[in-house]
Amino acid sequence: MQHPTHNSLVARSLASVWHPCTQMKRHEAQPPVAIARAQGPWLYDTDGKRYLDAISSWWVNLFGHSHPHIQAALADQLTRLDHVMLAGFTHAPVVELSERLSVLTGLGHAFYGSDGAAATEIALKMSAHYWRNTGRPAKSRFVGLAGGYHGETVGALAVTDIAIFREAYAPLVRLADTVPSPDARGATAGENAADVARRAAAALEVWLAEHHATTAALIVEPLVQCAAGMALHDPEYLRLARALCSRYEVHLVVDEIAVGFGRTGTMFAHQQAGIRPDFICLSKGLTGGTLPLSAVLTTDVVYAAFYDDDVARGFLHSHSYTGNPLACRAALATLELFDQLDTLNANTALAQRIDAACAALSYHPRVRHSRRLGMIWAWDVDTPLPDFSRRYHQHAMARGLVLRPIGNTLYAMPPYVLDDEAIACLSSGALDALNATLQEES
Ligand SMILES: *Cc1c(COP(=O)(O)O)cnc(C)c1O
């Protein structure tokens with residue numbers, strides 16, 4: 001029996017809130033869960049039942065919920081400056097964050113938005129406007145990877161290749177072309193991941209040779225196409241794509257919104273390829289999962305093409321909350337935690353413990369392509385169940401575990417703060433939920 005508060009909150013939510021990417025009718029059978037508080041990797045519902053947040057609340061939460069260091073920074077910032085518009089004004093948190101991000105990425109001139117999709121739009125607009133300012137206005141189109149995901153606003157949907165979105169919203173969007181994904185699972189007999197990467201890069205080269213004159217930028221999710229089902233690729237693809245983009249004078253945008261901030265084992269995923277992109281998009285983990293914030297950083301060359309007496313040659317983009325001081329301060333506190341906790345090294349050891357705990361899942365007879373990169377795990381489940389994802393999610397929730405497969409791909413993207421108890425909850429809950437779901441096949 002659930003507590004009345006819980007039921008009434010859920011009923012009021014269904015009456016007043018339109019939940020994201022949700023068929024609301026589904027909630028008749030499977031109501032949303034009302035969360036009252038969260039601590040570390042655990043969410044607590046209004047009845048006090050706890051759930052392990054094994055997907056970091058849609059990949060944003062890096063150091064667990066309610067982290068005291070981030071909380072203290074936010075409380076301090078609230079007493080100083082809540083918000084001021086960033087046009088004509090500046091403030092310490094945005095300056096310090098921009099300096100830190102510049103050191104970390106090797107790019108600069110940080111431009112801020114609030115969501116990942118806004119970062120995608122900023123990067124695409126900046127790229128096309130760069131070519132316009134440099135006398136090549138025909139370079140105004142984009143290319144992305146098959147299965148790519150870069151957000152869901154109308155501009156970002158142009159480079160998001162997810163079938164259900166394309167079908168519904170294609171008429172609203174100036175769709176970008178896609179080139180083959182270097183997804184390592186596409187390897188044919190005798191091929192390794194680097195071979196797949198070279199094959200995909202060869203297709204990119206053919207495409208660029210034909211379309212470079214009208215193309216502003218290639219946008220990629222480096223190393224992991226997360227929304228496509230944690231599709232991993234070899235860093236060789238990024239090296240080849242970088243070389244091709246330079247040769248054909250097309251910008252390379254790396255969308256690190258999901259994979260940035262240590263998720264793949266390095267601070268940023270593209271660093272594993274040793275390349276320098278023309279633009280980087282950041283969001284999600286940037287504030288440790290506390291406040292919405294996104295940023296785009298670029299090169300001095302791009303910046304210089306906008307620097308002029310003419311207003312129209314400036315970058316024409318703003319949001320009301322651009323560079324919000326609270327969000328910037330949360331981001332600074334998050335970056336401080338990487339140093340204080342030696343996160344990248346600590347995660348190497350943590351990931352090995354999780355690997356060991358999840359061995360039974362990885363070697364499960366119905367699992368294919370068991371894979372991990374950094375703090376991302378994925379297992380493709382061989383099942384004829386058409387609604388595997390929904391059923392699995394239910395069984396996991398019943399075990400106090402938040403996991404939401406993408407299609408038949410079960411994955412975990414936990415916060416970087418799992419202790420032994422949380423690891424056990426993840427590994428045994430994920431395995432039990434799998435077996436319970438497969439039981440329903442008959
Ligand atoms: C989540 C995501 C986005 C969009 O970010 P929102 O904050 O949801 O708009 C863009 N790109 C990638 C790679 C993402 O994972």
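A residue is called buried when its relative accessible area is under 20%, exposed when it is over 50%, and partly exposed in between. By that rule Arg50, at 29%, is partly exposed. The model described here is predicted. Its chain is divided into domain 1 (33–66 + 343–438) and domain 2 (69–340). The structure holds 23 salt bridges, whereas a search of the whole structure finds zero disulfides.

**Domains and their interface**

- The centres of domain 1 and domain 2, taken over C-alpha atoms, are 27 Å apart. To the contact, domain 1 brings 27 residues and domain 2 brings 25 residues.
- About 2,200 Å² is buried between domain 1 and domain 2, and carbon and sulfur atoms give 66% of this area. On the domain 1 side, Trp59, Leu344 and Leu373 supply 26% of the area buried against domain 2, more than any other three residues.
- The interface of domain 1 and domain 2 has one salt bridge and 11 residue pairs in polar contact.
- Several elements of domain 1 each supply at least two residues of the side that touches domain 2: α2 (56–59), α12 (343–357), β13 (367–373), β14 (376–381) and β16 (409–412). Of that side, β13 gives the largest share, with four residues.

- Asp380 and Arg185 form a salt bridge through their side chains, with an N to O distance of 2.9 Å.
- A network of salt bridges links Asp183, Arg185, Arg371 and Asp380.
- Thr409 is part of strand β16. Its side chain makes a polar contact of 2.9 Å with the side chain of Asp380.
- Is Thr409 buried or exposed? Thr409 has a relative accessible area of 7% and is therefore buried, the cut-off being 20%.
- Leaving aside residues up to four places away in sequence, Thr409 touches Arg185, Gly229, Arg371, Ala378, Trp379 and Asp380. Among these, Arg185, Arg371 and Asp380 belong to the salt-bridge network.

**Other salt bridges**

- Arg50 and Glu421 form a salt bridge in which the closest N and O atoms are 2.7 Å apart. Arg50 lies in strand β3 (residues 50–53) and Glu421 in helix α15 (residues 420–438), so this pair ties together parts that are 371 residues apart in sequence.
- Glu421 is partly exposed, with a relative accessible area of 44%; Arg50 is also partly exposed, at 29%.
- Glu249 and Arg136 meet through their side chains in a salt bridge of 3.1 Å, N to O. The two residues sit in loops, Glu249 between α9 (235–247) and β10 (251–255) and Arg136 between α5 (116–133) and β5 (141–145), so the pair ties together parts that are 113 residues apart in sequence.
- Glu249 is partly exposed at 41% relative accessibility, and Arg136 is partly exposed at 32%.
- Asp308 and Arg313 are joined by a side-chain salt bridge of 3.2 Å, N to O. Asp308 counts as partly exposed at 41% relative accessibility, and Arg313 as partly exposed with a relative accessible area of 27%.

**Cysteines**

- A disulfide is a covalent bond between the sulfur atoms of two cysteines. The search of the whole structure finds zero of them.
- Cys21 is exposed, with a relative accessible area of 54%. Cys245 is likewise in no disulfide, and the nearest cysteine sulfur, that of Cys281, is 14 Å away.
- Cys245 is buried, with a relative accessible area of 1%.

Terms used: Residues numbered from 1 in each chain as written. Predicted model: local features only at pLDDT ≥ 70, side-chain atom pairs only at ≥ 80, totals over all residues. Heavy atoms only, no water. Disulfide = S-S within 2.5 Å. Buried < 20%, exposed > 50% of the residue type's maximum accessible area, 1.4 Å probe, protein only. Domains from an automatic or database assignment. Contact = heavy atoms within 4.5 Å. Buried area = accessible area lost by both parts, 1.4 Å probe. Salt bridge = Lys/Arg side-chain N within 4 Å of Asp/Glu carboxyl O. Polar contact = N/O pair within 3.5 Å; in protein donor to acceptor, adjacent residues only side chain to side chain.
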